[in-house]
Amino acid sequence: MEMNAESLWLGRMRKPVRLAFLAFAGVAVLLYAWLIANALLFEDAVSMFDMIRPKGRIVVLAMLISLAGAILLAALYFSDTRGAIEQEPDGFFDIVSLVTSRLSMIMVAFIVLVMLYEVVSRYVFARPTLWANELSLWIASFVFLFAGQYAMQQRSHIRIYVIYDIMPRWMQKTADVVSLILLLFFTFALVWGGYSDAMRRMLRLETFGTAWDPPLPGTLKPAILSIILLVTIQAISNLIADWKKAPEHHSPADEIDETEINKIRQTLGS
């Protein structure tokens with residue numbers, strides 16, 4: 001996705017955030033290289049089992065903190081630019097959703113790296129891992145959740161405009177309010193019904209029950225409730241931001257992405 005280099009919200013903080021991101025990433029890479037060297041030289045090396053249980057292992061804990069800091073700072077930095085096909089942020093909650101969208105984009109790259117490692121390890125060295133599939137599922141779950149929030153911010157979720165477009169503006173606003181009320185009811189029901197179970201799983205950090213045994217239930221169940229709340233706040237932000245806008249009318253041509261078509265043409269040399 002082509003990005004517009006103009007700062008959206010960081011302003012003067014853009015360069016410091018970029019430098020901090022590079023510093024955290026550099027520290028994470030150096031510490032990970034040290035862990036790899038340690039694994040090659042010593043028998044009691046840190047394994048992937050220890051990576052999700054870093055208690056008592058300072059280097060592992062420092063590497064994880066550095067990696068988390070690098071990912072968060074990267075999301076902040078890249079959320080300061082707008083893609084060519086992205087809507088201009090105009091709601092009070094849009095920047096938060098742009099940051100989480102960049103988190104999900106970065107996570108996709110991590111899934112690719114994990115699966116590449118698994119394929120090479122399995123088919124080249126005949127040493128399949130016990131953790132690659134579960135780690136990719138773990139990351140992909142958060143990608144899915146954050147993508148829902150991003151879709152809400154971009155108004156890109158599935159909508160049927162056949163009836164909506166022929167409504168007068170006051171009726172469109174009424175339909176938007178009704179839609180928000182239904183979403184609020186769904187969110188309330190989900191949080192009301194799932195809060196106790198989510199807290200119980202999170203407090204005991206419930207694990208997956210496999211050889212690697214990551215805490216998927218203990219992290220994903222609370223994440224579902226938390227992110228659906230973010231989606232609902234984003235829906236409220238959308239309603240407020242769109243309230244005074246002129247009525248929109250949609251056609252099949254709106255779904256055509258001219259920027260991507262031009263890129264494909266350039267790639268094919270036509």
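## The model and its confidence

The model is predicted, and its residues are numbered from 1 along each chain as its sequence is written. Local features need pLDDT of at least 70 and side-chain atom pairs count only at pLDDT 80 or more, while totals for chains, interfaces and linings use all residues; side-chain values use heavy atoms, with hydrogens and water left out.

The pLDDT is the predictor's confidence in each residue, from 0 to 100. For the protein chain the mean pLDDT is 89, and 94% of the residues reach 70 or more.

## Overall make-up

The protein chain contains eight helices and two strands. Both kinds of element are DSSP runs numbered from the N terminus: helices are H or I with at least four residues, and strands are E with at least two. Read from the N terminus, the order is β-α-α-α-β-α-α-α-α-α. The C-alpha atoms fill a box of roughly 70 × 55 × 40 Å, taken along the principal axes.

Of the 270 residues, 35% count as buried. Buried means under 20% relative accessible area, exposed means over 50%, and partly exposed lies in between (1.4 Å probe, protein chains only). The chain exposes about 16900 Å², and carbon and sulfur atoms supply 70% of this area. Accessible areas come from the Shrake-Rupley method with a 1.4 Å probe; for residues, only the protein chains shown count as cover. Among contacts (heavy atoms within 4.5 Å) between residues at least 6 apart in sequence, 74% join residues at least 24 apart.

## Helix α3 and what it packs against

Helix α3 covers residues 58-78, which is 21 residues. From its first C-alpha to its last it reaches 30 Å, close to the 30 Å expected at 1.5 Å a residue. The expected span is 1.5 Å times one less than the number of residues.

Several residues of α3 are buried, among them Val-60, Met-63, Ser-66, Gly-69 and Leu-73. The buried residues of α3 pack against α1, α2 (48-51) and α4 (94-123).

Val-99 lies in helix α4 and is buried, with a relative accessible area of 11%. Leaving aside neighbours within four places in sequence, Val-99 is in contact with Trp-9, Ala-75, Leu-76 and Ser-79. Val-99 and Leu-72 are 27 residues apart in sequence, and their C-alpha atoms are 8.4 Å apart in space.

Thr-100 is also placed in helix α4. Thr-100 counts as buried, at 8% relative accessibility. Not counting residues up to four places away in sequence, Thr-100 touches Phe-146 and Gln-149.

## Salt bridges

A salt bridge is a side-chain nitrogen of Lys or Arg within 4 Å of a carboxyl oxygen of Asp or Glu. By this rule the count comes to 15. One of them joins Asp-213 and Arg-53, with the closest N and O atoms 4.0 Å apart. Asp-213 lies in the loop between α6 (169-203) and α7, and Arg-53 in the loop between α2 and α3, so the pair ties together parts that are 160 residues apart in sequence. Asp-213 is buried, at 18% relative accessible area, whereas Arg-53 is partly exposed, at 28%.

Asp-197 and Arg-200 meet in another salt bridge, at 2.7 Å from N to O. These two residues are three residues apart in helix α6 and are separated by about one helical turn. An α-helix has 3.6 residues a turn, so residues three or four places apart point the same way. Asp-197 is buried, at 15%, and Arg-200 is partly exposed, at 44%. Both belong to a network of salt bridges that also links Arg-201, Arg-204, Glu-206 and Lys-221.

## A nonpolar patch on the surface

Tyr-32, Ile-36, Leu-40, Leu-41 and Phe-42 form a nonpolar patch, with about 570 Å² of accessible area together. Patches are made of residues with over 30% relative accessible area and no salt bridge; like charges are joined within 9 Å, and nonpolar side chains (Val, Leu, Ile, Met, Phe, Trp, Tyr) within 5 Å. Ile-36 is placed in helix α1 (residues 14-41) and is partly exposed, with a relative accessible area of 39%.
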